[in-house]
Amino acid sequence: MWNILRDLLRYNWEFAAGAILLGAVIIVAALSFISPYPPLDVYVAPPDMPPSSEHWLGTNSRGQDVFWQLTVAVRNTLLFGVVVAVISRLISLAVGLFAGYMGGSVDRMLMSVNDTFIVLPIFPILVLFYFVMRDQMSWALLALVAACLGWSYDARLIRSVALSLKTREFTTQSAFCGMNAAEIVTREHLPYVMPIVFTTTMNNMNWSIGLEVTLSVLGFTDVNTPTIGGMIYWANQHAALVSGIWWWIAAPVALVIVVFVSLFLLSLSMNEYIDPRSRLARMGSG
Amino acid sequence: MRAYGFYLLKRLMQFALVVFIGINVAYVITHATPIDPVEQTISAATAFGNTSPEAIDMMRSSLQDLYGTGGSALDQWLAFWGRILVGDFGPSLSAFPTPVATLISRALPWTAGLMLVSTLLAWGLGNLLGGLAGYYRRNRLLKFAGIIAMGIHPVPYYIVAFVLLILFGYVWPILPITGAYAQGLRPGFNLEFIGSVIRHSLLPALSLVLVGIGGWFMGMRSLVPTIMAEDYTVYAELGGVRKRRILGSYVMRNALAPQVTGLAMTLGAIFNGAIITEQVFGYPGLGSLLISAVHAGDYSLVIGVTTISIIAVSFAVLLVDLLYPLLDPRVQAR
């Protein structure tokens, strides 16, 4: 485990850069626990102050310190990504592993449903969901719905691995030993697909955070929970750019771009790590 | 030819399945949630001033009719489908009495045009650059282009569109940032109007292309080396076929087939991006229509745009799938 990490850090600049950037973001998120201001309170600082030594990223028109607001926002946004990723991983693992192992008509049926979810335009569906729920829309509910809509692409990927695992001898042997499908899939096949699960987690977090930011910016979520998108929403509501309070918008936009790029670099490097040929080429050329 | 017929049938069934499941998801969201849209609308409408109980009862029954919430669950489901099959989404509440179908048919061409042009550009440019970058591994310029494309790729459409809006709206205002054509211009088939449409579509299209290009670039670049290691490519190289011909007819031609499948799979995501971009740039397509409908509380319009989006995207996927055999003759041969 530690050897793998050391090798990745040494030979893979994408992994090193991604890990450092994500680490920085996590530190910012962790700072929210020592924030001097309660995140939901307004007018705790003089409004519209430009960045200074007292307020590092300035203050906004609602009298909140942008830096401390940002720490809470990025914590909630990251947490949202993790929750969606965990739930949707469970669904995609279940569908992918079973479709791959069972094959035949079960596989065909599951994959037709799967392909349907791949091509469905999710954004209008989520907007419709917000429209129906209105004030009852909560952070947890959005995570649940996003997870139910965002598992399909990865299920297909996991299935393709499960298909090849099925033809391996140890699968036949496990079946002869009297293990049933559920046991074979969870105890024998699951460890082999874990590397893919890790890379798809990064991609899925990118996707869900992007979704959350977009919906919040438009005001289609619970905008009272501080998130990155929520910050941009309130800044837009107060016409921050027109009145020249650019730091209110620039800070969350810059931080969320760092989140996206770091997660993307991590998934890219993990992807390459899984493919031994490109790993060897990289270590050889050093 | 029989193999092609079989392929066609399979794709048509998949199209029907996507529409069926997608519209049922919309049905479940609108009907299985604990919130009753009828009571919600009534409480919103009666919040100001006094309304007599008879008027509320009349309102309730007409709203129930409109939202299709009367009767048993099966009745509601059948009524929901019945209306969609005949394309009747009722009148729009915010633009009463214009039918929802009219509003959508006005907005749909803008979205379709924007998506068609930007998707073709992103797909074509991404594949071309990716193919070149995979073939000429040492080229500095292509490596640089790759880093830029991959850096923008993970950023969501909204953020990219927003940054472009700030850059070209406030910092360096040379392009129009809102609308589909200059105000006061009469739509018609003349040079001035077409020029205006193109100028107004530049920024929305640019943001879609910028985000889209990275995925195709990366896909193509990783496909090329595996095809270059195939026997037939090595043979062609040894036989002295010109480099350009190897790249075009041997390598990229074969890599295009999986990229077309990829295009069909990502159309839904591209559509999501297009409607968000429209909102940022005030482009009069489905996205702007959907979002203004939500703000106006126009239930029939929201339902209409959602279902039409589902049908339109799955139809576009079907079209791409039908073009696939042109690129990959094996589908017909089998």
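Which residues does B:Leu290 touch, not counting residues up to four places away in sequence? In this predicted model, B:Leu290 touches A:Pro124 and A:Val127 as well as B:Ile275, B:Val302 and B:Val305.

**Chain B**
- Chain B has 13 helices and 0 strands.
- The pattern read along the sequence of chain B is α-α-α-α-α-α-α-α-α-α-α-α-α.
- The C-alpha trace of chain B spans about 90 × 55 × 40 Å along its principal axes.
- Of the 334 residues in chain B, 38% are buried.
- Taking the contacts in chain B between residues at least 6 apart in sequence, 72% join residues at least 24 apart.

**Nonpolar core**
- The largest nonpolar core has 160 residues, and B:Leu290 and B:Val302 touch the most other members.
- B:Val302 is also one of the residues that B:Leu290 touches.

**Contact between the chains**
- In chain A, 35 residues are in contact with 40 residues of chain B.
- The elements of chain A that give two or more residues to the side touching chain B are helix 4 (104-119), helix 5 (122-133), helix 9 (181-217) and helix 11 (246-274).
- Helix 5 of chain A provides the largest share of that side, 10 residues.
- By residue type, the side of chain A that touches chain B divides into 27 nonpolar, 6 polar and 2 charged residues.
- Among the residues that B:Leu290 touches, A:Pro124 and A:Val127 belong to chain A.

Methods: Residues numbered from 1 in each chain as written. Chains lettered and ligands numbered in written order. Predicted model: local features only at pLDDT ≥ 70, side-chain atom pairs only at ≥ 80, totals over all residues. Helix = DSSP H or I, 4+ residues; strand = E, 2+ residues; numbered from the N terminus. Buried ≥ 20, exposed ≤ 12 C-beta atoms within 10 Å, placed from the backbone. Contact = placed C-beta atoms within 7 Å. Nonpolar A, V, L, I, M, F, W, Y, C, P; charged D, E, K, R; others polar. Core = buried A, V, L, I, M, F, W, Y, C linked by C-beta atoms within 7 Å.
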